[in-house]
Amino acid sequence: MLYLRPFGLAALLSFALLWVWVATMPMAFMDAEYASLRAKQVLLRRCDLGDVLVLGDSRAAADIIPARLPLRVTNLAIGGGKAIEALSALQRALACPVRPRLVIISLDPGHFSRPDLLWDRSVRFGFMDGQDVSDLREVSLRMGDLSVYDSRHFALMPLLLRDWLYETRFPPLFFANLAHSGLFLRWWHNQQSLTDTLTARGHYYFGTDPGSSTVTLDGHMATFRALPVLDHYFDKLLGLLDRSGIEARFIAMPVNEATWNEVNPAVRDGFAAYLAGYERRYRHFRVASEIMPHWPDRFFGDQFCHLNPEGAERFSDLLAQRLQDAPPSTQNEAQKGWLSDTGTDASFNVVPISKRGS
Amino acid sequence: MGFSGFPFLLGFLPLVLGGFALAGRRGEAWAKSWLIAASLVFYAAGAPTFLPLLLLSVGGNFWLLRRMHGSDTAARWATGGVVVNLAVLGWFKYLNAEPALGLSFFSFTQIGCLLHHAGGDTRAPRMRDYALYAAFFPALLAGPILNPRDMLPQIARTEGWRLSADNLAVGSGFFIIGLLKKTILADPLSTLVGPGFANPAALTFFPAWQAAMAYSLQLYFDFSGYTDMAIGLAWMVGLRFPDNFEQPYRAQSVIAYWQRWHMSLTRFLMTTVHAPLTLAILRWRKARRLPIDATAQATPAGFFSMIGMPIVVTMVLVALWHGATLPFLLFGLLHAGFLLVNHAWRTKHAPALPAVASIALTYICVLVGSVLFRSESVGQAVGLLGGMAGLHGIDPIRTDGRTAAALLWLFALYAIVWCAPTTRQWMLSGSTSRLVWRPSSPWAVAMGCAATLGVLAAGGTSESLYFRF
């Protein structure tokens, strides 16, 4: 027992200390996207959101630069984001005193048909809280679709226990971050990322390479079929916007030519039909772009079709022009397809925001 | 249920040890029954559909053992039992869509027991003892293959079935070291191994070597870590498992390598296949008045029949034991070739190479074999070996931080492989050196913190590659 007592105490104490560290100091060891997501939570908490909200996935997070848009925009899209995370963010935004006038939604087809990074990012990073996870559990069980909720499966571990471990930041779930960061070495970089993302009103880059010709998931999908639970959340998201009287526009982010050449027409057509169904159902929801705009490979910064800085600036300038020319209240069907330009750089048409007046 | 997963570490293990402590107070029968029940739960958690197979296998072999005791036809019963066990193994391993979990290990453990009792004069173990021997959870899924001569007397004893502080201290040490070997040393290597073997045709000289070396290290640390955990678990309840690894990458010949790598399998095949086959060949030659001395073994015909044949047969069985695929078969034949060259070298009394050269040459042979062992197809193996031979070009080593970190990591692992003591040496040497484990307070604190590290690392070491940072 002379050995086992200090052994047990050391094990318990060291684990407890680490748990406190993990729970209270995530900025010290998490990877940089955590800081960016934290910035979005800060913007939500401050209710510093402006006129336009961007909800969606990583492409929307990287491609839409609020600073280049004529309205006050907050980009709340996140890596691996789906309708679930978008609804969570919207619900918090609607609790603020001033509501947005327009919500831009952008999700690629893959984020309707696979769980992606729900547990790795959204839950582990705290973007979804215990209540969100509890709602997801309830909805998933009720619908009999556990594809998203149970996508991070721990063999033999009860689901409620798993949820609790995530909610309480159980240290082993963060071991990779702790090991790669040396426990605290990311603190300064993460603080800088937090400041940068706050300044950029939620925008942050993923890949910044000067071009990518990798075919992304969109090019490998055989067909488009929304998971029931993700469809449910998308419906819920649009329903909430509709009931709140907020205009919602679906704007698809561009994919590279390499991906476009591989896209199965059935995916594109199925996705278009899916969105068209919701256009008919909700008065305030419109699809305001081509379903899959495609741009030259040089505008993409990584293998996931995130625009690089040149591409993101070009895209945001086009979006700025669109928002200036056709404010939400005047948009109509005829203007669909405005992001389909794949030829010469169209951003020269855009008047810099600084010269427009306001 | 893997030893390094949360359900085992945080649920099953504490429960089993707690239950064993309570059961041990009520006596030997309770303690053994508790361990058998835990083993069945352990197996059912991983492969519920094959639990009846395990029960039938244990029950059937026990019935055979009972029939064999005192029987004049014990050897015949034993032969029949071996054939049935091998038939079941062959069916579920090679013909069934889903291979039965751990079948190779618990079948070989039981075949060993049948052969041990083949004389008919050895008393069959008690049912409870036999069930514990054949299905004890630490060795159930990945060995070591238990030798009845070592294990049955340990299990048959009636005293000492209590949770003791000494056993817990040493057993937990073995377990924690094994856990760290697996989670900290082996698992992160998958980021080098996976991409390398996924597209071997694209690998130039250095990346191909990096992938092969990373795999040989991953295999060693993973398997020896698992064995250390199994030894530690058994130790905690007072049982002593045999070693499975004895610094194999320090071997100075391929013969020595096989005496140090997966030792329980080698020992099993040596005693049940190689030695009987060699003996049968020697008897056959002697009956025909053919010479069997060293001079005869040096002739091509004598070498082939007395040394070559048993080695080739044994190594083909080693290959088939791992799987019925062409890469595994080539792996077995390649190692048979290495062993034959090694034996020929000895037979001809050729001069020994310097130790460092011997170790390097042996390791390169093992490395080439490991490429076949890991590959899913011959084409994949040829692609990687071609890269290692420089057939895909030789690009300069990249100088980015990631490559430097990977190389440093590999060097550190080789330093452990070639310079560090084995877990058994470290835990049980009895040396007075401060670097060797002792049941002292400083070591208790160090091992407690190491246990935390092991549980932490069970969460995985790879950050999501999705993001660029």
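A: B:His262 sits in a loop of chain B, between helix H12 (254-260) and helix H13 (263-287). The model is predicted. Phi of B:His262 is positive, about 45 degrees, although the residue is not a glycine. Is B:His262 buried or exposed? B:His262 counts as buried because its relative accessible area is 2%, and buried means under 20%.

The peptide bond from B:Gly143 to B:Pro144 is cis. Its omega is near 5 degrees.

B:Thr227 belongs to helix H11 of chain B. With a relative accessible area of 2%, B:Thr227 is buried. Where does the side chain of B:Thr227 reach? It reaches the backbone oxygen of B:Phe223, at 2.9 Å.

Helix H11 opens the way to the core. The largest nonpolar core holds 258 residues. Helix H11 of chain B, residues 205-236, gives the most to this core: 18 residues. Which residues have the most contacts inside the core? They are A:Ile105, A:Phe234, A:Phe250, A:Phe285, B:Phe8 and B:Phe175. In soluble globular proteins, nonpolar side chains tend to be buried together.

Next comes the interface. On chain B, 38 residues are in contact with 38 residues of chain A. The two chains bury about 3000 Å² between them, and 73% of that is on carbon and sulfur atoms. How many salt bridges does the rule find across this interface? The number is 0. Residue pairs in polar contact between chain B and chain A number 3, with both residues at pLDDT 80 or more.

Which helices supply the chain B side? Helix H1 (6-26), helix H9 (165-186) and helix H21 (441-457) of chain B each supply at least two residues of the side that touches chain A. H21(B) gives the most, with 13 residues. By class, this side of chain B has 25 nonpolar, 10 polar and 3 charged residues.

A:Cys47 lies in the loop between helix H2 (32-46) and strand S1 (52-56) of chain A. Phi of A:Cys47 is near 55 degrees, a positive value in a residue other than glycine. A:Cys47 counts as partly exposed because its relative accessibility is 32%.

The other place is A:Glu313, in helix H14 (residues 309-325) of chain A. At 32% relative accessibility, A:Glu313 is partly exposed. Leaving aside neighbours within four places in sequence, A:Glu313 is in contact with A:Ile65, A:Arg68 and A:Tyr205. A:Phe299 is 14 residues from A:Glu313 in sequence. In space, the two are 9.8 Å apart, C-alpha to C-alpha.

Methods: Residues are numbered from 1 along each chain as its sequence is written. Chains are lettered from A and ligands numbered from 1 in the order in which they are written. This is a predicted model: local features need pLDDT of at least 70, side-chain atom pairs count only at pLDDT 80 or more; totals for chains, interfaces and linings use all residues. Side-chain values use heavy atoms; hydrogens and water are left out. A nonpolar core is a set of buried Ala, Val, Leu, Ile, Met, Phe, Trp, Tyr and Cys residues joined through side-chain atoms within 4.5 Å. Buried means under 20% relative accessible area, exposed over 50%, partly exposed in between (1.4 Å probe, protein chains only). Helices (H or I, at least four residues) and strands (E, at least two) are DSSP runs, numbered from the N terminus. Contact means heavy atoms within 4.5 Å. Buried area is the accessible area (1.4 Å probe) that two parts lose on being put together, summed over both. A salt bridge is a side-chain nitrogen of Lys or Arg within 4 Å of a carboxyl oxygen of Asp or Glu. A polar contact is a pair of N or O atoms within 3.5 Å; within protein, one must be able to donate a hydrogen and the other to accept it, and residues adjacent in sequence count only if both atoms are side-chain atoms. Ala, Val, Leu, Ile, Met, Phe, Trp, Tyr, Cys and Pro count as nonpolar, Asp, Glu, Lys and Arg as charged, and the others, Gly among them, as polar.
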